[in-house]
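Visitor: I have just opened a structure that is new to me. Could you show me how to read it?
Guide: Gladly; let us look at it together.

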Amino acid sequence: MKKIFALVLALVMALSLVACGTEKAPDDQQDASNEGALTVAFCQYANLNNWRVTQTNDMEAAIKGAGWNYIYTDAGDDTAQQVADLEDIIAQNPDYIVLAPREEEGYEEVLAKAAEKGITVITVDRDCKGEHATYIAADFIWESTTCAEKMIADWGTEQQVNIVELTGTPGSTCAIERQKGFMDTIASHSNYTVIASQVGDFSRTTSQTAMENIIQAYSDQINVVYAHNDDNAIGALQAIKAAGLTPGQDIKIYSIDGQKDAADAIANGEMACTVVCSPFFGETVLSVINTLESGGTVDSYIQNPGKLVDAENIQEYLPDAY
Ligand code: GYE
């Protein structure tokens, strides 16, 4: 009996040793954090619309696909929160931070801390003050000039055209430059007047409410809407419909982004155009990091190309809409 007991005990001990050994296997630990691989953080200011969700998914796929460790934060559309997120990220000591800043100001000090620790920062889609290696984005002046030129091609240079402008995040590079490019282009024609300009905040609900108020104030005087992005445009479109007006006939909408809902609205005649602003940055970010890792240098600005989509080329564009 004693012998059997001793045998069972020995067996149990042997099994538990194997189990301990398995728990501590170095291979298992590498699954949780890929030791030796780069660590890249993506600091998103808000995942608030399709453009942002597409951008986040693409970035995650690219960074994880490269076999690098991935850190992600979402600041919920709050600049102070995004600065706090950056502090947390810096404490984790990643090799790179890909930063999609909410606005241009407010990141100077936290980016100085990243630089002090030798962490390389890459800004994507909007720029900000403070140290960073490169800025990857569309040319917002080109986008808004293209939108204004399309409007001028449709309406000409004689009849009076009353414009409602719905702007993006105040203080963001894209809102500042999308206003400038558009205003500078229409300025050379005296028949274009901006009769109302309100913050749409790249949000459908904010834009819908803003447009409802503007329609109440100006009713049948509005000819066109210039929207800083497709969420502003779709919000305006919903307000136009709710007021019993027909988008595309009573009021024409000109916008920027290239989102699926805007592409569908162009296809069915409810919107005049969208200028594509690509949300895909993953591939360029990988090539920037790979270049820097192999000792190379990168330009301080890398441009994401765009294109005009209107009734002429909508069918060709539809499969790419996101
Ligand atoms: O147009 C919009 C997003 O910063 C270029 O931000 C980007 C803009 C884009 O929320 O849809």
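What follows is a short talk about domains, their interface and some salt bridges.

Guide: Please keep in mind that this is a predicted model.

Visitor: Which domains does the domain assignment give?
Guide: The assignment gives domain 1, made of 39-138 + 279-304, and domain 2, covering 140-277. Their C-alpha centres lie 30 Å apart.

Visitor: How do I read the area buried between domain 1 and domain 2?
Guide: The size of an interface is often given as the accessible area lost when the parts come together. Here, about 1,200 Å² is buried between domain 1 and domain 2, and carbon and sulfur atoms give 48% of that area. On the side of domain 1, Trp51, Arg126 and Ala138 supply 38% of the area buried against domain 2, more than any other three residues.

Visitor: How many residues are in contact there?
Guide: In domain 1, 15 residues are in contact with 15 residues of domain 2. Seven residue pairs are in polar contact across this interface, while the count of salt bridges between the two domains is zero. Helix α3 (50-65) and strand β5 (134-137) each supply at least two residues of the domain 1 side. By class, that side has seven nonpolar, two polar and six charged residues.

Visitor: How many salt bridges does a search of the whole structure find?
Guide: The search finds 15. In one of them, the side chains of Arg52 and Asp125 meet at 2.7 Å, N to O. This pair links distant parts of the chain: Arg52 is in helix α3, Asp125 is in the loop between β4 (120-124) and β5, and they are 73 residues apart.

Visitor: Why does Arg52 count as buried?
Guide: Buried means under 20% relative accessible area. Arg52 counts as buried because its relative accessibility is 3%. Asp125 is buried too, with a relative accessible area of 4%. Salt bridges that share partners join Arg52, Asp125 and Arg126 into one network.

Visitor: Which residue forms a salt bridge with Lys150?
Guide: That is Asp310, with the closest N and O atoms 3.5 Å apart. Lys150 is in helix α6 and Asp310 in strand β12 (residues 306-310), 160 residues apart. Lys150 is buried at 14% relative accessible area, and Asp310 counts as buried at 10%.

Visitor: Where is the place of Asn191?
Guide: Asn191 is in the loop between α7 (173-186) and β7 (192-199). Asn191 is buried, with a relative accessible area of 4%. Among the residues that Asn191 touches are Gly156, Glu158 and Val161.

Definitions and conventions: Residues numbered from 1 in each chain as written. Predicted model: local features only at pLDDT ≥ 70, side-chain atom pairs only at ≥ 80, totals over all residues. Heavy atoms only, no water. Domains from an automatic or database assignment. Contact = heavy atoms within 4.5 Å. Buried area = accessible area lost by both parts, 1.4 Å probe. Salt bridge = Lys/Arg side-chain N within 4 Å of Asp/Glu carboxyl O. Polar contact = N/O pair within 3.5 Å; in protein donor to acceptor, adjacent residues only side chain to side chain. Helix = DSSP H or I, 4+ residues; strand = E, 2+ residues; numbered from the N terminus. Nonpolar A, V, L, I, M, F, W, Y, C, P; charged D, E, K, R; others polar. Buried < 20%, exposed > 50% of the residue type's maximum accessible area, 1.4 Å probe, protein only. Lists of a residue's contacts leave out its neighbours within four places in sequence.
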